[in-house]
Amino acid sequence: MPTVPSILGFGAIAIDDIVYVDQPLSAGKGKVLQSARAFGGNVATALAAVVRLGGTAGFVGLLGSAADDVVLCDLVASGVETAFAPRHPDARPVRSRITVGSDGERFIAYDDDAMLGTAPDFPDDILSRATVLIVDSYAIRSLDVVARARDLGLAILGDIEWSSGAATERLIALCDHLILPLGFARTATGCRSPAEILDALWLPSRSAVVLTDGGRGVYYRGREETGLWHLPPHRVVVVDSTGAGDCFHGAYAHALTRGADTAGRVAFAAAAAALSITGRGGREALPTADQVTELLASTNAPSAVELKYAQLDTGT
């Protein structure tokens, strides 16, 4: 049996049919420039990002039982370990249709009537040999596994984008590294400003709360930080923002296993995500660690600034 990777994950794994058009999505219509099929999914892309950055990652969600299953083959080709993933003949990926506008913004239509999560009896012996578990909103189907991983001492990194009520609330409570899109965080907390949201989501058991806001940067609070912080975005040429958040989560997890503090994890993840949107599809431009380091060392790399409540309305 292979060595258990440092970073494990289960959740969405997808096949994306992507259409690129010559107008921004706000135009309402546009000419098709290119069509492509790619593999995606929040957790699958995050794990692929970890590997690209030089880390070790394993997908432990349900996979199809056929040896030539296309998503299984893609994970293997991406360097993601699949030996510990439970198999089921009815497991299949999420299917997504993504339209990408000329400004890099995208609209995702998806069919998630699929068997997601992991086996309820996933072994503690495997979990206990990892350092980080990445989960997404679909982990509500395997909450007991997430809870066991937390009890075993793993850092639980939650990429939560939608709510299913009480189950999602429990999942959010289990995540000590909580990374949410700002829009969903507003809905989940009923707060508007990033500082109010960071405070509302904070628990004594948290290590970090991070709010991603696309082209407006990242807001965060860490256990070892004094205050609340905003990291402005890197200025890059946006080609396709698909998978940027997933890359952020993978890079954050990788930095966590390397001992970085909250500010270091967020800076590393933000730089990786910025580089990821310079190519098409969710994985074409996943960066290496050297590329991230180079961007962080550039003269125009942003620096975090402390948030003041009076300065927090992003206008979105």
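Me: What share of the protein's contacts with a separation of 6 or more comes from residues 24 or more positions apart?
Reply: The share is 65%. A contact means heavy atoms within 4.5 Å. This is a predicted model, where local features need pLDDT of at least 70, side-chain atom pairs count only at pLDDT 80 or more, and totals for chains, interfaces and linings use all residues. Residues are numbered from 1 along each chain as its sequence is written, and side-chain values use heavy atoms, with hydrogens and water left out.

Me: How do you know whether the radius of gyration agrees with a compact globule?
Reply: Set the value against the rule. The radius is taken over C-alpha atoms, and the globule rule is 2.2 Å times the number of residues to the power 0.38. For 316 residues the rule gives a value near 20 Å; the protein has 18 Å, so the two agree. The C-alpha atoms fill a box of roughly 50 × 50 × 40 Å along the principal axes.

Me: What makes up the count of helices and strands?
Reply: Both are DSSP runs, numbered from the N terminus: helices are H or I, at least four residues, and strands are E, at least two. The protein has ten helices and 13 strands.

Me: Why is Leu171 called buried?
Reply: Buried means under 20% relative accessible area, exposed over 50%, partly exposed in between (1.4 Å probe, protein chains only). Leu171 has 0%, so it is buried. Leu171 sits in helix α5, residues 166–174.

Me: Why is Ile179 called buried?
Reply: Ile179 has a relative accessible area of 0%, so it is buried. Ile179 lies in strand β9, residues 177–181. Its contacts outside four places in sequence include Leu157, Phe248 and Tyr252. Ile179 and Leu211 are 32 residues apart along the chain, and their C-alpha atoms are separated by 5.9 Å.

Me: What makes Asp74 buried?
Reply: Its relative accessible area is 15%, so Asp74 is buried, being under 20%. Asp74 is in helix α2, residues 70–77. Apart from neighbours within four places, Asp74 is in contact with Phe39 and Arg283.

Me: Why is Asp69 called buried?
Reply: Asp69 has 15% relative accessible area, so it counts as buried. Asp69 is in the loop between β4 (57–59) and α2.

Me: What percentage of the 316 residues counts as buried?
Reply: That is 53%.

Me: How do you know what pLDDT the protein averages?
Reply: pLDDT is the predictor's confidence in each residue, from 0 to 100. The average is 93, and 97% of the residues score at least 70. Over residues 310–316 the pLDDT is below 50, and this stretch has 15 contacts in the model beyond near neighbours in sequence. Where pLDDT is low, the predicted coordinates should not be read in detail.
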